[in-house]
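The sequence and the structure come first, and the notes follow.

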Amino acid sequence: VFTRPSTIIFSRLSQSYCFFCPSLLHACVRSDHLLNPAPIVTAKGIHRIPMASEPTKVATGDDVQTISKEKDAGLAHVPSRPEDDKLGITPDGGEPTEEEMQTLRRVPDKIPLNIYTIAFIELCERFSYYGTTAVFTNFIQQPLPPNSSTGASGDINHGQAGALGLGQRTAFSLTTFNSFWQYTMPLFGAYVADSILGRYRTICTALLVDIIGHVLFIICGLPPVIKNPNGSLAAFCLGVILVGVGTGGFKPNVNPLIVEQLDLEKMVVRTLPTGERVIVDPATTASRVYHYFYLFINIGALLGQLAMVYCEHYVGFWLSFTLPTILLCLCPLVMLWGRRRYRRVPPQPSTLGKSFKLFWLANKGRWSLNPVKTWKQLHDGTFWENVKPSKFDDATRPKWMDFNDACELYQKKKKKRSGYQC
């Protein structure tokens, strides 16, 4: 006669050979279930069916753990909600216990439609950016091909598309400035979104500026304008500046906007339609969301670079600049659709400006013509201590110092000074 410990040992041994003989593991699990059937729920508690070799007894902690596992496997009786508390099983929507954290599978939550629409906006924006920048070098460096007014060569294997013919150094200078500008402006775009406009309004404004910049690219690529290299170059440079401003307001805010659309903020236990109990994990959900998000980014960038190169060779630069602009014009329409649907966080006062003011105040009076004296005054251990808000009274405290250095002190003075922030 198999007892429960021997059955468990036999089951674990059979798991080592389940790759070669899956039916052995299945037979073992079924035998364990037959020898230890489902519990009977009565008014007095949960009891197991008495076997010939053991007396009737109340389920212990080990038995409850086994019942939970059998319940997940679909072998045991599934108790109703009142009995879940007796078994120590978290109801749907509750936070998982330590045991459930170790045993239940973690799955992502359902991705809402709002996130897919934001990812589509990112796809269009990356298509427009990489589609236009892919033809920058040829547009600036190479001259117009013979018998061409659009810059198209007509032969991608032997011909060379070009427009302004300003040489390699000019092309390298302008493309390098474009990269510098694109990576610098997000610092200002993030500040404006956090402290002034908010993410949604900043993205909408940035998209409009970006579209204007792309329209200037179309203008500089038109055949009548290409004939005047100086005018075309002026429109091109102005377009680079405006597109950089638009990208600076868009890129640092679209990622946080996606996070704000996620509903789940903590892990909860749910039961799948198959009966399996799982933990819905916000971290796993965010991971899946950003996998899809960067998939959209890469699709847009890849299609933009491949398609626009063929457009410049066979049609002209005006088409290489027009198609990305058309796709970019879809973004404000999607943002307008989500105006009432997106979860929007209002802007909050930024601490960046106050941080610089506090740093300047801490340096005040510590610099001297004597470098040794300067070093000692900067490293005397009171650099930040002397500029704590608690060191100032009402007469000497700067107007911008509307915060406190201790939460306890803030709570005591909260009724007296509503301007303090903890």
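## The chain as a whole

Of the contacts in the chain with a separation of 6 or more, 69% are between residues 24 or more positions apart. The model is a predicted one. The chain holds 17 helices and five strands.

The chain has 422 residues, and 38% of them count as buried.

## Helix H12 and its ends

Helix H12 runs over residues 282–314 and has 33 residues. At 1.5 Å a residue, H12 should span 48 Å, and this agrees with its end C-alpha atoms, which are 48 Å apart.

At the N-terminal end, H12 is capped by Asp281. A side-chain oxygen of Asp281 lies 3.2 Å from the backbone nitrogen of Ala283. Just after H12 comes Gly316, with a positive phi of about 150°.

Gly304 belongs to helix H12. Its relative accessible area is 0%, so Gly304 is buried. Not counting residues up to four places away in sequence, Gly304 touches Phe127 and Gly131. Gly304 and Ser320 are 16 residues apart along the chain, and their C-alpha atoms are separated by 9.2 Å.

Ile299 also lies in helix H12. Ile299 has a relative accessibility of 35% and therefore counts as partly exposed, whereas Gly304 is buried.

## A nonpolar patch on the surface

Ile299 is one of the residues that form a nonpolar patch on the surface. The patch also includes Leu113, Tyr116, Tyr292, Leu295, Leu303 and Trp337. Together these residues have about 630 Å² of accessible area.

Which helix gives the largest share of the nonpolar patch? That helix is H12, with four residues. Helix H6, residues 113–133, and H12 each supply at least two residues of the patch. As a general point, an α-helix has 3.6 residues a turn, so residues three or four places apart point the same way.

Side chains of opposite charge can pair when their charged atoms come close. How many salt bridges does a search of the whole structure find? The search finds 16.

Arg270 lies in strand S4 (residues 268–271) and Asp109 in the loop between strand S3 (105–107) and H6, so the pair ties together parts that are 161 residues apart in sequence. Is Asp109 buried or exposed? Asp109 has a relative accessible area of 18%, so it counts as buried. Arg270 is partly exposed, with a relative accessible area of 33%.

Another salt bridge is between the side chains of Asp402 and Lys354, at 2.7 Å from N to O. This pair also links distant parts of the chain, 48 residues apart. Asp402 is in the loop between helix H16 (371–378) and helix H17 (407–413), while Lys354 is in helix H15 (residues 352–363). Asp402 counts as partly exposed at 22% relative accessibility, and Lys354 is partly exposed with a relative accessible area of 21%.

## Other charged residues

Glu385 and Lys388 form a salt bridge in which the closest N and O atoms are 3.2 Å apart. Glu385 is partly exposed, with a relative accessible area of 33%. Lys388 counts as partly exposed too, at 32% relative accessibility.

Salt bridges can also join into a network, as they do for Glu122, Glu125, Arg126 and Lys251.

Glu260 is in helix H11, which covers residues 229–260. With a relative accessibility of 12%, Glu260 counts as buried, since the cut-off for that class is under 20%. Which residues is Glu260 in contact with, leaving aside its neighbours within four places in sequence? They are Arg199, Arg343, Arg344 and Val345.

Key:
Residues numbered from 1 in each chain as written. Predicted model: local features only at pLDDT ≥ 70, side-chain atom pairs only at ≥ 80, totals over all residues. Heavy atoms only, no water. Expected span 1.5 Å × (residues − 1). Polar contact = N/O pair within 3.5 Å; in protein donor to acceptor, adjacent residues only side chain to side chain. Patch = residues over 30% accessible without salt bridge, like charges linked within 9 Å, V, L, I, M, F, W, Y side chains within 5 Å. Areas by Shrake-Rupley, 256 points an atom, 1.4 Å probe, with all protein chains shown as cover. Salt bridge = Lys/Arg side-chain N within 4 Å of Asp/Glu carboxyl O. Buried < 20%, exposed > 50% of the residue type's maximum accessible area, 1.4 Å probe, protein only. Contact = heavy atoms within 4.5 Å.
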